[in-house]
Amino acid sequence: MRKNRQQFNGMACLWMVVAVIAGVCLALSVSTWVFKKAPNDLLRTNVLLEALEDEELNPQFVVMGSSVVMSGVDTRRITSKLPGKPLGLNLATTGQNPADSYLYYQNLPKSVGLILQFTTPRFAIGKNAIELQKYNAMYMYGYRPNDNTESTLINIFGERVENIFSMSNLEQRFQSRWVVRQAADNIVRNLVRDDLNFNSYTFDLYFPNNGANRLSALEMQRSLSRRYIAEHRHDYPATEEKALFFKNAGNQASKLGKKFALIINPIHPEVHRIYGDDWYRLVRKYFNLIEESSDFYVIDASDAIGEEYFVDALHISKSGAEVLSDFLVKEIMRLNLNPTN
Amino acid sequence: MLFYTFEFLIFSIVLLSIMGIVHRSEPRKLLLLFSSYIFYMWWNPAFILLIIFSTAVNYSVGIKMSGEDNAKSRKLLLIAALSANLGLLFFFKYFGLFSDSLLGLMRILCSNPSWVTLNITLPVGISFYTFQTMSYTIDVYRKKISPTNAPIDFALFVAFFPQLVAGPIVRAATFLPQLNKPIKIFCDQQAIFLILRGFAKKVLIADNIAILVDGVFLVPGDWPSIIIWIATIGFAIQIYCDFSGYSDIAIGIAKILGFKFPQNFNHPYIARNPSDYWKRWHISLSSWLRDYLYISLGGNRGGDFQTYRNLMLTMLLGGLWHGASWNFLLWGFLHGAILIIHRWFSNRKGYSVGPGLLAQVLSILMMQYCVLVTWIAFRITHFPDMLIAMRKFILFDFDFQITNIGVGSISFFTSILIMIFFVLLQIFSIRVSNIDEYLGRVSRGPALAVCSLLGFIAFFFWPLSQAPFIYFQF
């Protein structure tokens, strides 16, 4: 009797372990479906991938970058002001760095004649390359890098990107679990933060500015100190690796028959005070050297817009976007980058 | 080797398989000892020598003491054992703090001191197994227990892997008698639920809330009081789930291997006063400090002043036990001060908390407010940041501009949802009185459904970056 009871207990434990594993397997099997249904901050990735497959769109120039570019560049305005009215798409997504952008290049339609690639100065100094979460979102929405994209990025960034590309489908699906947390966050955020509206991110291919209100002076100060802590200042010159990457990005654009321009993001003027003018001089020197040794132009938009056009430490108001877009029109004309030429 | 790693899974399967083949107790003890040493050496093989040294010293002293009737000689043996134990602990854990502090002082006194500092690696679990071996030697000295003549039993008591690196601190009187009976594998629903509950606390609650806590406490000056409050409550839940989660896993594994460990936590966040709190939080450490330090110092046998002094010394040393850092000392000081204030009030005539619900709730809230303040001292090691967070916590700024909330990477709302979920679970756990027994009684269908649900949730909420158990560093 005693032995039977112990056996029963042992079997019960085994069944419990099997039940846990069954739960994990069930989660794994629905993970792709969950990912596609869950609201998240990278949902725009899917919108962009679908847009690039749309044969009726035929964009002639694209703008790539982070949420700063989403808020700050109105491609419709640029289209309307350029001779020939070339159609432009704003392909920026939240947190997209130039290495992330590079993944999209292979999917750009032949109609695209110009890539305007934004970058932060900070990207050039860090060890960061493709970000796993962003790549995971692209992967889960159906993106697969071609051999050329893979080899170029692996050659430059080594095992940091090789590890990401070599992840199996199962690993990517397990990695995609971040979407559930973010979905929960997004759902509650939509309920309690009626001042935030990220809807435009999910459909607007031209100017996905969310119309955020400008922060109060106190909040602006907090936002700046959070983003630009003096101790985080790194001295230039930046890494050779990133210089090589920028050159490769330009070359790749040339190979695909597209003009290319690298643009330094607009930066809040207060950052001059926090990081100092020396830092700025070194940033400019670094990008000037890249421009001199490449076949593309570097456009410095770091001080293209004034303090009054920033809604927080990073992002730009709608009126600021008009200023930045007009600045880009002027630069495209000056450098003869208009894709209709 | 961490409990939630693949290596540990393999380790457990191999151990249980071999135990299934070996039925006699003596070989099973040897197997458990060998496994425990492998478990420890997985982290750093060299430091197993410390455990062996500690085992040898305390075992020998125990044997010597049993044959010694002379009180003076017994005392000398005790002093020798304590010196060896505390010497190791001091060298590996506190030498760095001591030399750095001395260097700082010398820099103030003379402009260019010549000083060599050592970079000493802290052996994992040294505080736990040192306190465990010390309790054995002191108990033998006090003649509360008879020393064991079985070296394997004693070595297993010191190194038994489920509690080796992060407790609970098991007393010899609890552990050694269990080795006199046959060691039987006993895997039941209750044990599996204990382990699953521990994993859920650690991985699903603690590690997920940590994202918000770390994000806010990185620069506490940037956040208004309301967020500091939320992050502090978050940390209180995080550290509880992290540590009690480890204890649950350890107790569950020990149960499967045929050992019964004492409870280490008992709903500390419903404690109504500091004495009550220390009977609920890290019970194995607080009872150790009470029995071997507070009582040794005289306890409350002297006057008020001696009692207050003993309380403060006990809590200061309890704080330092956690680590060689001034913030842990401050944490201990604050808890000492809270205990003294409570005792002072308790000694006054006419002071007592009424039996009414409101009085009880108010006393819980007051106690937990104090506990939260101490958690700030515990969590933030950078002193200026700690003071800023404490100021914002105590002097509420009524700043509700929460522009940054809900954007960025700290998963603010999800963390709050998890915190609410934790509170609901706690209420449920308190209502059913003994959650372990309750879970052990659940019929098979619902039990399997809960297990599947846990597996399902664990897949989606498994943290992207896994943090080690907080108490590993102690």
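The model is predicted. Chain A and chain B touch, with 33 residues of chain A in contact with 31 residues of chain B. Chain B contains 19 helices and zero strands, while strand β1 of chain A pairs with strand β2 of chain A in the parallel sense.

**Where chain A meets chain B**

- On the chain A side, the elements that give two or more residues to the contact are α1 (2-37), α10 (178-192) and α11 (217-227).
- Helix α1(A) gives the largest share of that side, with 15 residues.
- Sorted by class, the side of chain A that touches chain B has 19 nonpolar, six polar and eight charged residues.

**Chain B as a whole**

- Chain B has 19 helices and zero strands. Its radius of gyration is 23 Å, close to the 23 Å given by the globule rule for 474 residues, so chain B is as compact as a globular protein of that length.
- The C-alpha trace of chain B spans about 70 × 65 × 55 Å along its principal axes.
- Of the 474 residues in chain B, 41% are buried.
- Among contacts in chain B with a separation of 6 or more, 74% are between residues 24 or more positions apart.

**Helices α3 and α5 of chain B**

- Two packed helices are described by the angle between their axes and the distance between the axes.
- Helix α3 (residues 48-66) of chain B packs with helix α5 (residues 126-141) of chain B at an angle of about 5 degrees, and their axes are 9 Å apart. Angles under 35 degrees count as roughly parallel, so α3(B) is roughly parallel to α5(B).
- The residues of α3(B) in this contact include L50(B), I51(B) and M65(B), and those of α5(B) include I126(B), Y129(B) and V140(B).
- The residues of the contact of α3(B) with α5(B) comprise nine nonpolar, six polar and no charged.

**Strand β1 of chain A**

- In a regular strand the side chains alternate between the two faces of the sheet.
- From strand β1 (residues 61-64) of chain A, F61(A) and V63(A) point one way, V62(A) and M64(A) point the other way, and all are buried.
- Strand β1(A) pairs with strand β2 (residues 88-90) of chain A in the parallel sense over three bridges; the bridge partner of V63(A) in β2(A) is N90(A).
- Strand β1(A) also pairs with strand β3 (residues 114-119) of chain A, in the parallel sense over four bridges. In β3(A), Q117(A) is the bridge partner of M64(A).

Terms used:
Residues are numbered from 1 along each chain as its sequence is written. Chains are lettered from A and ligands numbered from 1 in the order in which they are written. This is a predicted model: local features need pLDDT of at least 70, side-chain atom pairs count only at pLDDT 80 or more; totals for chains, interfaces and linings use all residues. Two residues are in contact if their C-beta atoms, placed from the backbone, lie within 7 Å. Ala, Val, Leu, Ile, Met, Phe, Trp, Tyr, Cys and Pro count as nonpolar, Asp, Glu, Lys and Arg as charged, and the others, Gly among them, as polar. The radius of gyration is taken over C-alpha atoms; the globule rule is 2.2 Å times the number of residues to the power 0.38. A residue is buried if 20 or more other C-beta atoms lie within 10 Å of its own, exposed if 12 or fewer, and partly exposed in between; C-beta atoms are placed from the backbone. Axes are lines fitted to C-alpha atoms, for helices over the stretch in contact, and angles run from 0 to 180 degrees between N-to-C directions. Angles under 35 degrees count as roughly parallel, over 145 as roughly antiparallel, 65 to 115 as roughly perpendicular and the rest as oblique. Two strands pair if DSSP finds at least two bridges between them.
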